[in-house]
Amino acid sequence: MIRPAAGIRLDTTTSPTTQPPPGAGSTQAARSDIDAILTVWLDASVKAHDFIESSFWQSQLDNMRDVYLPNSDVWVFELNAQVVGFYALHNNTLAAIFVAPQQQGRGIGKQLLNHAKQQRNELHLTVYKANEPSCRFYRSQGFTLVREQTDSHTGHTELLLHFTAQSATRKQRR
């Protein structure tokens with residue numbers, strides 16, 4: 001089940017009338033989601049980015065909790081009442097999408113990405129070039145390369161990728 005995460009940022013625009021009906025797959029999340037989200041993020045980041053010291057990811061925990069997540073729309077994937085994945089949107093940027101390492105390869109990332117695509121008509125994201133599995137995943141999901149750039153935090157090359165619902169629709173028609 002994919003549902004919005006609450007307790008990360010106060011959303012004063014949400015009211016009971018804007019929430020999906022019970023059983024529709026989206027309900028407001030509990031405050032305890034933040035710890036699970038951070039665990040998924042850290043574990044998946046260390047695994048996916050073995051070319052970057054794990055201490056770097058540890059050093060970013062406070063920023064994730066206090067800066068990045070509160071400024072994003074965050075959705076979690078729950079399996080057996082446990083958060084096993086999430087994504088974060090900041091405007092049209094897919095700022096994060098992570099699945100717990102032990103749950104990877106089961107289609108959860110694809111479900112999260114498809115859900116994110118339903119939230120926006122276009123998405124941008126960056127991914128480290130050395131993270132080849134993720135690069136292949138995003139390209140297989142309709143993202144195209146905009147440019148290569150250097151991440152100022154790590155010095156590693158990252159790819160700026162772009163997706164539009166329009167280009168995906170055109171591709172399906174061919």
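Colleague: How does the lining of the largest pocket split by class?
Modeller: There are 25 nonpolar, 17 polar and 8 charged residues in the lining of the largest pocket (Ala, Val, Leu, Ile, Met, Phe, Trp, Tyr, Cys and Pro are nonpolar, Asp, Glu, Lys and Arg charged, the others, Gly among them, polar). This is a predicted model, with pLDDT of at least 70 needed for local features and 80 or more for side-chain atom pairs, while totals for chains, interfaces and linings use all residues. Numbering runs from 1 along each chain as its sequence is written, and side-chain values use heavy atoms, without hydrogens or water.

Colleague: Which residues lie nearest the pocket's centre?
Modeller: His49, Ala95, Ala96, Ile97 and Phe98, out of 50 lining residues (atom within 4 Å of a point of an open set on a 1 Å grid over the protein atoms alone, where a 1.4 Å probe fits, with protein on both sides within 12 Å along at least five of seven lines).

Colleague: Which element gives the largest share of that lining?
Modeller: E4, with 7 residues. Strand E4 covers 93-99 (a DSSP run of E, at least two residues; helices are H or I, at least four; both numbered from the N terminus).

Colleague: Switching to helices, what do H1 and H3 bring together?
Modeller: Ile34, Leu38, Trp41 and Leu42 of H1 meet Leu61, Met64 and Arg65 of H3 (heavy atoms within 4.5 Å). That contact has 6 nonpolar residues, no polar and 1 charged.
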